[in-house]
Amino acid sequence: MSPTRRDFIRATTSTAAALAVGHHLRLSPAAQTLPAPGADAAVVDLANEALNAARGAGASYADVRIGRYRRQGVATRERQVTGVSDSESYGLGVRTLVNGSWGFAATSVMTRAGAQAAALEAIVLSRAARAVQARRVELAPVKPVTGTWITPVMRDPLEVPLEEKVALLLATNEAALKVANVRFVNSSLALLREVKTLVTSEGTNVTQTMIRVGPAFSATAIGSGDFQSYDEELAPRGSGWEYVESLNMPGNAERWASIAAEKLKAKSVQAGQYDLILEPTNLWLTIHESIGHPTELDRAIGEEANYAGTSFVAPPEKMIGQLQYGPPIMNIQADRTQEASLSRVAWDDEGVPADTWLIVEKGVFKDYQTTREQAARIQKLTGVTRSHGCSFAESWNAVQFQRMPNISLLPADTDIGVNDIVAATERGILIRNRGSWSIDHQRYNFQFSGQAFYEIQNGKIAGMLRDVAYQANTPAFWRSMDMIGGKSSYWMGGAFTDGKGEPSQSNSVSHGCVPARFRNVTILNTAKNS
Amino acid sequence: MAQPQRPTLSSSQLLTRDQAKTLADRVLALSTAEQTRVVIVSTWSGNTRFADASITTSGGVTDTTLTVTVAIGRRQASSSTNVLDEAALKRTVELAIQLARLSPEDPELLPELGPQTYQTVNAFVESTADLDPEARASAARRTITAATAAGKTAGQIFTAGFLEANARATAVATSNGLFAYHRSTDADYSVTARTPDGTGSGWARAGARDWSAIDAASIGRIAAQKAVASRKPQPIEPGSYTAVLEPQAVNDLIPLLANALAARSADEGRSPFSKPDGGNRIGEKVADERVTLYSDPTDRGLLGAPFDAQGLPIGRTVWIEKGVLKNLAYTRFWAQKQGKAPTGNALAGGLALSGGTKSTEEIIAGCARGILVTHFFYIRSLDPRTVLQTGLTRDGTFLIENGKITRSLKNFRWNESPLLMLNRLEDIGRPEPTEAGRLMPALRVRDFNFTSLSDAV
């Protein structure tokens with residue numbers, strides 16, 4: 001990919017952050033971010049205890065993750081708080097490799113004996129796995145690293161007084177309830193601080209603090225025996241409290257709620273074929289489902305076959321450099337580096353430094369998402385010998401495996417916006433925000449909805465629609481994309497909880513994109529059970 | 001090289017009743033709040049995952065989480081931790097109190113429950129709690145061997161599967177003298193088999209409280225047979241077809257009614273069980289007259305929890321009896337407001353759909369023309385007013401003609417409501433165990449709405 005594109009993403013996201021918070025504090029953001037804490041000595045001692053036990057019992061490789069996860073949730077409806085919760089989870093997970101087989105064990109008993117027991121249990125699991133072993137695990141090389149990192153934030157959301165959070169949400173609800181017919185309002189905050197130390201038998205020792213915030217708002221209007229809801233697309237981010245404030249929820253809630261009321265009067269869509277314009281607030285999820293998941297290498301080689309599914313982007317030898325995913329204007333970047341993105345880290349859960357690479361270049365599929373054990377499986381096809389750094393575990397009690405980095409649609413060279421795309425469209429539908437979504441287990445057939453739908457006639461918005469869903473086949477859909485926005489229209493959405501794996505694990509991932517137009521897409525009327 | 005001991009992390013580390021009581025009492029003693037509730041969940045989990053004839057990950061995890069919920073006046077908050085030393089417990093209680101003080105008053109807050117009487121449910125089975133890594137690897141081996149043999153006409157079958165055993169002890173205690181303790185186990189095993197030509201995929205699953213009720217070889221055999229039979233699927237025009245849903249497919253849909261069964265949503269006009277002019281539809285016919293849907297923790301096929309996270313006793317509740325809506329799920333607050341008895345959440349005591357006696361094979365045999373569905377995938381709500389869902393068929397979709405499976409079909413996307421579907425029943429089978437705490441029958445449904453084709457295999 002061209003350096004200009006990569007630099008652009010970094011520049012725009014940091015500028016946006018600076019505008020959002022700089023205005024508020026009138027200080028340089030860089031100077032105000034919190035320092036990265038290091039691991040305390042007791043944690044490193046416990047990790048080494050487990051590492052030594054694992055090596056002593058025959059592990060050729062072992063890694064130990066000690067994590068302390070603090071989660072807070074505040075939920076409200078109308079004029080009341082429906083839940084305030086705060087949780088802390090602390091423990092240790094050991095992964096061992098014996099004769100090419102993995103074992104993993106985890107415990108919350110944080111003593112030397114507890115650490116040793118977990119290490120020995122991981123060895124038992126590694127040895128038991130030899131009974132079913134057609135292929136030995138081999139790890140791509142990684143340079144041992146030591147260091148610390150923290151999500152750049154000015155204000156740790158867990159340290160913000162609860163009064164401030166409750167006041168923000170209740171003021172938001174109050175503003176929404178001013179709208180006629182709006183009877184129900186829900187708003188909430190999900191806040192996370194994750195402190196994670198990774199120590200490996202190869203000499204890596206890193207401690208990272210990840211901070212994420214997930215605000216939410218939904219309003220329901222009731223009238224004449226019907227109800228309609230509207231969820232605002234408040235992107236979760238790897239950011240501090242300053243991001244939540246920048247959303248100005250109390251100031252915007254009345255406008256958001258009025259969309260729910262407006263939906264009561266909207267025209268039910270006539271099913272058929274339309275040109276579709278997707279705003280970034282809707283398109284990010286379509287990217288997640290139809291590009292993010294199918295380009296996970298574990299899906300392509302069948303390791304997710306029993307759960308999340310396989311992929312149409314398989315087998316790798318027939319896809320890399322050959323699959324025409326979309327038109328030449330389509331460039332898809334993977335990274336764990338974008339500022340304020342949910343999957344941003346300095347190192348992944350195998351100590352691999354965060355990477356930025358292209359998944360699709362000028363419409364052609366180029367590379368998958370990989371971990372250390374996966375990189376070697378396709379290096380002859382890609383020429384890439386390193387892991388792309390996609391290893392992640394949701395908690396100390398879960399084994400790390402391949403998880404999605406940020407996957408983003410890069411802007412066009414020409415800086416046009418959604419209004420320009422609307423103006424160029426004769427008959428179409430514009431969709432904002434995510435609605436219901438569903439996609440098959442090889443990622444071909446999908447059906448997505450949204451929150452607000454607008455009919456376009458002769459280059460103009462002609463009115464609001466409801467009951468809209470779009471259904472398509474992934475390759476045909478992306479190949480029908482003929483217009484995309486430029487850098488000014490780039491926006492980053494994201495999923496706070498994305499599930500994969502058995503036992504199922506959740507990760508957080510962002511997707512940046514620009515508005516885009518897709519030709520002749522099938523539109524369903526969901527009220528008519530079409 | 002030191003040989004590891006026998007399982008160093010195991011279900012034997014679950015808190016006993018006495019240990020849970022002692023821990024709960026310590027926490028209650030630390031609290032200065034007017035009302036305090038402690039919920040302790042102590043867990044062991046062992047899992048093994050495989051793909052392409054290799055175990056890809058396997059794990060063993062033990063943990064104990066304690067949640068403290070306190071109320072000061074009408075202000076309530078909770079805080080939880082898995083760090084159980086005195087300092088951490090104190091910090092957790094103090095944090096909950098601090099959060100409660102800062103929380104606005106909750107007009108719907110009720111006092112904590114006092115001592116309750118619970119039904120005895122023996123849901124803890126040693127064979128599940130003792131399922132160690134070697135036993136799980138051996139089960140995986142039996143599955144792969146059976147799948148390989150059953151699928152050999154199609155070449156080298158690819159299998160991927162996941163086996164998990166869980167043991168859990170749950171305790172609830174309140175400052176009003178309530179103490180409840182319950183132990184349970186569950187095992188769940190599912191396998192996907194794929195043919196080497198990439199055109200066939202089959203799946204099978206079993207779940208139970210008791211691992212010994214699960215036949216690892218049979219799961220592999222069924223998955224492989226389905227994979228072989230589903231090769232080279234043909235498209236047929238999407239539309240309304242009679243569908244035969246296997247019990248696992250029914251298990252994917254029926255629990256989606258749980259949210260709709262909330263009494264409050266119904267009374268507030270936000271549910272399919274709301275009357276258009278206010279109130280709910282209890283007493284009205286909402287499904288085919290053969291349909292009975294119930295929860296009952298003491299049912300031998302369910303063995304659900306006899307209490308919920310507030311310590312509320314969970315008993316038998318019949319939601320739909322012979323097609324008539326009999327009950328909705330009342331929280332303690334909504335029950336008091338409406339003058340009803342609280343039921344707890346609709347899934348708390350397990351969920352069973354009953355009404356027939358036939359096997360899945362008999363339901364197929366009675367079908368003149370229809371589509372057989374193994375299971376569903378990626379189900380999402382489209383419209384809460386009708387419980388309309390969308391999703392896809394997966395791992396074995398077949399055409400039935402004159403009571404026999406005649407060919408493999410391409411997968412479909414469908415848009416259908418589990419509630420409306422229960423009004424279009426042609427036949428209902430006998431309740432079969434589908435997972436721990438669930439009994440679901442095969443169903444034959446008229447005019448199931450298949451909306452588009454999927455190329456996914």
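Reply: The contact takes 79 residues from chain B and 67 residues from chain A, where two residues are in contact if their C-beta atoms, placed from the backbone, lie within 7 Å. On the side of chain B that touches chain A, S2(B) gives the most, with 11 residues. By class, that side of chain B has 34 nonpolar, 31 polar and 14 charged residues; Ala, Val, Leu, Ile, Met, Phe, Trp, Tyr, Cys and Pro count as nonpolar, Asp, Glu, Lys and Arg as charged, and the others, Gly among them, as polar.

This is a predicted model, in which local features need pLDDT of at least 70, side-chain atom pairs count only at pLDDT 80 or more, and totals for chains, interfaces and linings use all residues. Residues are numbered from 1 along each chain as its sequence is written, while chains are lettered from A and ligands numbered from 1 in the order in which they are written.

Strands (E, at least two residues) and helices (H or I, at least four) are DSSP runs, numbered from the N terminus. Strand S3 (residues 101-107) of chain A runs parallel to S2(B), and four bridges join them; two strands pair if DSSP finds at least two bridges between them. Phe104(A) has Gly59(B) as its bridge partner in S2(B).

S2(B), strand S2 (54-72), is also among the elements that the buried residues of H4(B) pack against, as is helix H4 (112-129) of chain A. A residue is buried if 20 or more other C-beta atoms lie within 10 Å of its own. The buried residues of H4(B) include Pro133(B), Arg136(B), Thr143(B) and Ile144(B).

Definitions and conventions:
Buried ≥ 20, exposed ≤ 12 C-beta atoms within 10 Å, placed from the backbone.
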